[in-house]
Amino acid sequence: MDEDGNGAGSLGGRRVEPTAPGREVEGEFLALERELTVFLRRARANSGEMAREVHPDLESSAYGLLVRLDECGRQRATELAAYIGVGKATMSRQLRALEDLGLVAREPDPADGRAWLVHLTDEGRARFRTVREARRARYVRELAAWDRVEVAELARLLRQLNAGMEK
């Protein structure tokens, strides 16, 4: 127990929290988990808001598909499913909904006549980019007090985290 009697201690000057017997978690990892939890909760809520701005009937989970299609262009549904981390059935349902809303279209893959490529329609691209620009403007406002080097460092660290999580 620490001096406050809460069961935490220190290891080499670092705060540690008890977990399973014989295991301790260093304080910086607990702080990381706590901050990522808050960040992800807010990001999910934000994605829902942005999805509804693109189209009132758009599911929040489909917003990430629009991001990927805007950044990478035409993609197979299997590539999208792998990138997003969902199964084929889920991806098929989401793409069908996006297609019904007129935001995406499918075309035969010239490299494989059995496969289809999915892409943003002109309407989908216009709606998505309007919302994305509003999001970027919001980031600029909210991070106006940050030094540009700090913003770049945050982006670099998040990219590093994402890359590590993909392995």
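## A tour from sheet to pocket

Select Glu 107: it stands opposite Leu 117 in strand E6. Keep in mind that this is a predicted model.

**Stop 1: the sheet.** Now select strand E6, residues 112-120. Strand E5 is joined to E6 by six bridges, and the two run antiparallel.

Stop 2: Select helix H2, residues 63-72.

**Stop 3: Gln 94.** Go to helix H4, residues 88-100, and pick out Gln 94. Is Gln 94 buried or exposed? Its relative accessibility is 6%, so Gln 94 counts as buried, the cut-off being under 20%. Show its contacts beyond four places away in sequence: Glu 59, Ser 61 and Leu 65.

**Stop 4: the largest pocket.** This pocket holds about 2600 Å³ of space. Select Phe 39, Ala 43, Arg 135, Leu 158 and Asn 162: of the 42 lining residues, these are the closest to the pocket's centre. Next, colour the helices that each supply at least two lining residues: H1 (27-54), H2 (63-72), H3 (77-84), H5 (122-142) and H6 (148-166). Last, colour the lining by class. You will find 22 nonpolar, six polar and 14 charged residues.

Key: Residues numbered from 1 in each chain as written. Predicted model: local features only at pLDDT ≥ 70, side-chain atom pairs only at ≥ 80, totals over all residues. Heavy atoms only, no water. 1 Å grid on protein atoms, 1.4 Å probe; cavity = no way out; pocket = protein on both sides within 12 Å on 5 of 7 lines; lining within 4 Å. Points joined across faces, edges and corners; volume = space filled by probe spheres on them. Helix = DSSP H or I, 4+ residues; strand = E, 2+ residues; numbered from the N terminus. Nonpolar A, V, L, I, M, F, W, Y, C, P; charged D, E, K, R; others polar. Buried < 20%, exposed > 50% of the residue type's maximum accessible area, 1.4 Å probe, protein only. Contact = heavy atoms within 4.5 Å. Pairing = 2+ DSSP bridges.
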